[in-house]
Amino acid sequence: MTASGSSPERAQAPAFAPSLRWRAAVALGVAGVVVAVDQATKAAVRAAAAAGGGAWGADLIPGVIGLRFVRNTGAAFSLGEGFSGAFIALAVAVIVAMTAYLARTRLVSRVEVAGLAMVAGGAVGNAIDRAAFGYVTDFFATEFMDFAVFNVADIGITVGVVVAFIGFALLSPANKVDATAELNRRDADAAARRAERRRRG
């Protein structure tokens, strides 16, 4: 026991748990950057396509990846075309679920927060397109393989999922907390609350 009467595991836990203020600031900042870059690049592509009469393409890295304007009515990487309304609702549900998770989960890694924010930013970026235009602007086209045309939001979603998984599986403080000690802590907290209610009653 420590001098304050708490266990070492409990005393160390706050050091691993980003505060709600930190989580909110980082999540909003990372998601905001993804949305801003996504929308800026899409606007530039649409402007170039409009100047070219609706069709536009350019080499980015010859033989590797090029730029081509595509109107995508599906999800990420042109999957599930024709369900724009459903994908907007899904994006909202994903953002609500992530917000609840980051607000309620006591122990999360900072990498996990950043990854989830990237996913949320990508979801918002594509949802803005669907709501404003009825389609998503895609423009990155791989030339060395047959693959769907994608955009910055799709990259944010894909990379964010990987980053969040690494943060959860390898870096999450929840995985570093002794399960028995954590259960004992929760039991002690519950007992303390019951004792406090009895005292006040």
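This is a predicted model: local features need pLDDT of at least 70, side-chain atom pairs count only at pLDDT 80 or more; totals for chains, interfaces and linings use all residues.
1. Order of elements. Of the 201 residues in the chain, 36% are buried. Among contacts with a separation of 6 or more, 71% are between residues 24 or more positions apart.

2. Packing of H4 on H5. The axes of helices H4 and H5 come within 7 Å of each other and cross at roughly 160°. H4 is therefore roughly antiparallel to H5, the cut-off for that term being an angle over 145 degrees. The crossing is left-handed. On the H4 side the contact is made by Val111, Glu112, Gly115, Leu116, Met118, Val119, Gly122, Ala123 and Asn126. The H5 side contributes residues including Ala153, Asp154, Gly156, Ile157, Gly160, Ala164, Gly167, Phe168 and Leu171.

3. Burial along H5. Helix H5 covers residues 152-171, and its buried residues are Val152, Ala153, Asp154, Gly156, Gly160, Ala164 and Gly167. What do the buried residues of H5 pack against? Their partners are helix H2 (20-51), helix H4 (110-133) and strand E3 (136-142).

4. The start of H5. The N-terminal end of H5 is capped by asparagine 151. A side-chain oxygen of asparagine 151 lies 2.9 Å from the backbone nitrogen of alanine 153. Alanine 153 is one of the buried residues of H5, and alanine 153 also takes part in the contact with H4.

5. Salt bridges within H2. The structure holds 5 salt bridges. In one of them, the side chains of lysine 42 and aspartate 38 meet at 2.9 Å, N to O. Both residues belong to helix H2 and are 4 residues apart, about one turn of the helix. Lysine 42 and aspartate 38 are both buried.

6. The side chains of arginine 46 and aspartate 129 form another salt bridge, at 3.8 Å, N to O. This pair links distant parts of the chain, with arginine 46 in helix H2 and aspartate 129 in helix H4, 83 residues apart. Arginine 46 is buried, as is aspartate 129. Asp38, Lys42, Arg46 and Asp129 are linked in a network of salt bridges.

7. Asparagine 126. The side chain of asparagine 126 has a polar contact of 2.9 Å with the side chain of lysine 42. A polar contact of 3.0 Å joins the side chain of asparagine 126 to that of aspartate 154. Leaving aside residues up to four places away in sequence, asparagine 126 touches Asp38, Lys42, Val136, Asn151, Ala153, Asp154 and Ile157. Asp38 and Lys42 in that list are members of the salt-bridge network, and Asn151 is the capping residue of H5.

8. The side chains of arginine 200 and glutamate 196 meet in a salt bridge at 2.8 Å, N to O. Arginine 200 and glutamate 196 are separated by about one helical turn because they are 4 residues apart in helix H6 (residues 179-200). How exposed are the two partners? Arginine 200 is exposed, at a relative accessible area of 68%. Glutamate 196 counts as partly exposed, since its relative accessibility is 28%. Lysine 42 and aspartate 38, also 4 residues apart, are both buried.

9. Two further pairs. Alanine 48 is in helix H2 and is partly exposed, at 22% relative accessibility. Alanine 48 and phenylalanine 69 are 21 residues apart in sequence, and their C-alpha atoms are 8.8 Å apart. Arginine 106 lies in the loop between helix H3 (84-104) and H4. With 33% relative accessibility, arginine 106 is partly exposed. The C-alpha atoms of arginine 106 and proline 18 are 8.5 Å apart, with 88 residues of separation in sequence.

Technical notes:
Residues are numbered from 1 along each chain as its sequence is written. Side-chain values use heavy atoms; hydrogens and water are left out. Buried means under 20% relative accessible area, exposed over 50%, partly exposed in between (1.4 Å probe, protein chains only). Helices (H or I, at least four residues) and strands (E, at least two) are DSSP runs, numbered from the N terminus. Contact means heavy atoms within 4.5 Å. A polar contact is a pair of N or O atoms within 3.5 Å; within protein, one must be able to donate a hydrogen and the other to accept it, and residues adjacent in sequence count only if both atoms are side-chain atoms. A salt bridge is a side-chain nitrogen of Lys or Arg within 4 Å of a carboxyl oxygen of Asp or Glu. Axes are lines fitted to C-alpha atoms, for helices over the stretch in contact, and angles run from 0 to 180 degrees between N-to-C directions. Angles under 35 degrees count as roughly parallel, over 145 as roughly antiparallel, 65 to 115 as roughly perpendicular and the rest as oblique. A crossing is left-handed if the near helix is turned anticlockwise from the far one by less than a right angle, and right-handed if clockwise.
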